[in-house]
Structures are given as structure tokens and as C-alpha cells.
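Please have the chain in view while reading.

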Amino acid sequence: MSLQQKVMASMKEAMKAKDSNALTSLRAIKSAILLAQTESGAKEELTEDQELKLLQKLVKQRKDSATIFTEQGRDDLARPEIDQAKVIEKFLPEQLSEEEIEKVVVDIISKTGAEGMKDMGKVMGMANAALTGKADGKTISTIVKSKLS
């Protein structure tokens, strides 16, 4: 079952349950999928990697918005953003813990022989490819920086 089909099924359930927060989140996913499919040169169906990146982007947007709202003292606006991020995260694979991400990064560093910040780009590229959908880029970047410095 493709992501689009899963989202449509979840939308029906959310409508029956009258869950407006879930419905808003699912509509955002559906909209993003349709936009990605209609981009110039895009294929009819998205690959699994493209779907994961799309979902991660949506979650990141919601979390960033929630952070900004919280900093401005607008918890009334931050709460729905956090709730929407949780709904969208249900379609992502289980996220790895920092320890598990660290093991992957250390393994990549030892395989590539990276020594210092000059090799960060190479390590980040491989780490992002290995951890697609399982960890967010900010966490990966923080761990890579700490291991290479």
C-alpha cells in the first residue's frame, strides 16, 4: 500500500472520528504528495525515499513553527503544530535513538577514514543516505560534528 493510499484511509477514519487535527495533518500530507507528483519531470508515483523525505520535511516544518510560537509565548498556536507533527510522524519508520545513530556515524567514519571537519560533507552524505527516514538531519549533523571535532 502506497503512502497516498495509507493517508486516504487514515483521512476517512479521521473524518468518521471528527478528528480535525488529524484531518488537517493528513490533508497537508496529501497536498504535499500531489505537489511533488505534479512537479515538472516528476513521475506518477513517488519512490519510498521521496515519500520519507517529504514526511520528514513536513514534520520539521511543524516542529520549527512550534518552536517559534513557543519562543514568542504563543502556546495556543504551538500546541496544534506539535499535535500535527505527531500525526505525520506515524507514517515515518520508527526513529532511532541517539546511541543508535552514533553507532552508525562511528561506523561510517571508520569506513571512510574521516579525520576532522574537512570530511564532514562526505560523512554527512553517507549518514543521511543510511539513516533516511530513521533520524532527522539536525541530530545526525550534531553527532557527526561531535565525532569529527
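## A negative patch

In this predicted model, E99 is exposed, with a relative accessible area of 54%. Helix 5, which covers residues 98-112, contains E99. Together with E94, E98 and E100, E99 forms a negative surface patch. A residue joins such a patch if its relative accessible area is over 30% and it has no salt bridge. E99, at 54%, is over that area cut-off.

## A buried glutamate

E81 is found in helix 4, residues 75-89. E81 is buried yet has no salt bridge. The nearest side chain of opposite charge belongs to R62, 4.1 Å away.

Leaving aside residues up to four places away in sequence, E81 touches R62, S65, A66 and F69.

## Salt bridges

Side chains of opposite charge can pair when their charged atoms come close. How many salt bridges are there by the rule used here? The count comes to seven.

One of them joins E89 and K63, whose closest N and O atoms are 2.9 Å apart. E89 lies in helix 4 and K63 in helix 3 (residues 48-71), so this pair ties together parts that are 26 residues apart in sequence. Both ends are partly exposed: E89 has a relative accessible area of 29%, and K63 has one of 43%.

Two further pairs can be described. R74 forms a salt bridge with D76, with the closest N and O atoms 3.0 Å apart; R74 is partly exposed at 36% relative accessible area. K118 forms a salt bridge with D119, and here the closest N and O atoms are 3.4 Å apart. Within this pair, K118 is exposed, with a relative accessible area of 67%, whereas D119 counts as buried at 14%.

## A positive phi in a loop

Most residues other than glycine have a negative phi. What is the phi of K18? The value is positive, about 55 degrees, although K18 is not a glycine.

K18 sits in the loop between helix 1 (3-17) and helix 2 (20-38). K18 is also exposed, with a relative accessible area of 72%.

Methods: Residues numbered from 1 in each chain as written. Predicted model: local features only at pLDDT ≥ 70, side-chain atom pairs only at ≥ 80, totals over all residues. Heavy atoms only, no water. Helix = DSSP H or I, 4+ residues; strand = E, 2+ residues; numbered from the N terminus. Buried < 20%, exposed > 50% of the residue type's maximum accessible area, 1.4 Å probe, protein only. Patch = residues over 30% accessible without salt bridge, like charges linked within 9 Å, V, L, I, M, F, W, Y side chains within 5 Å. Areas by Shrake-Rupley, 256 points an atom, 1.4 Å probe, with all protein chains shown as cover. Salt bridge = Lys/Arg side-chain N within 4 Å of Asp/Glu carboxyl O. Lys, Arg positive; Asp, Glu negative; His and termini not counted. Charge placed at Lys NZ, Arg CZ, Asp CG, Glu CD. Contact = heavy atoms within 4.5 Å.
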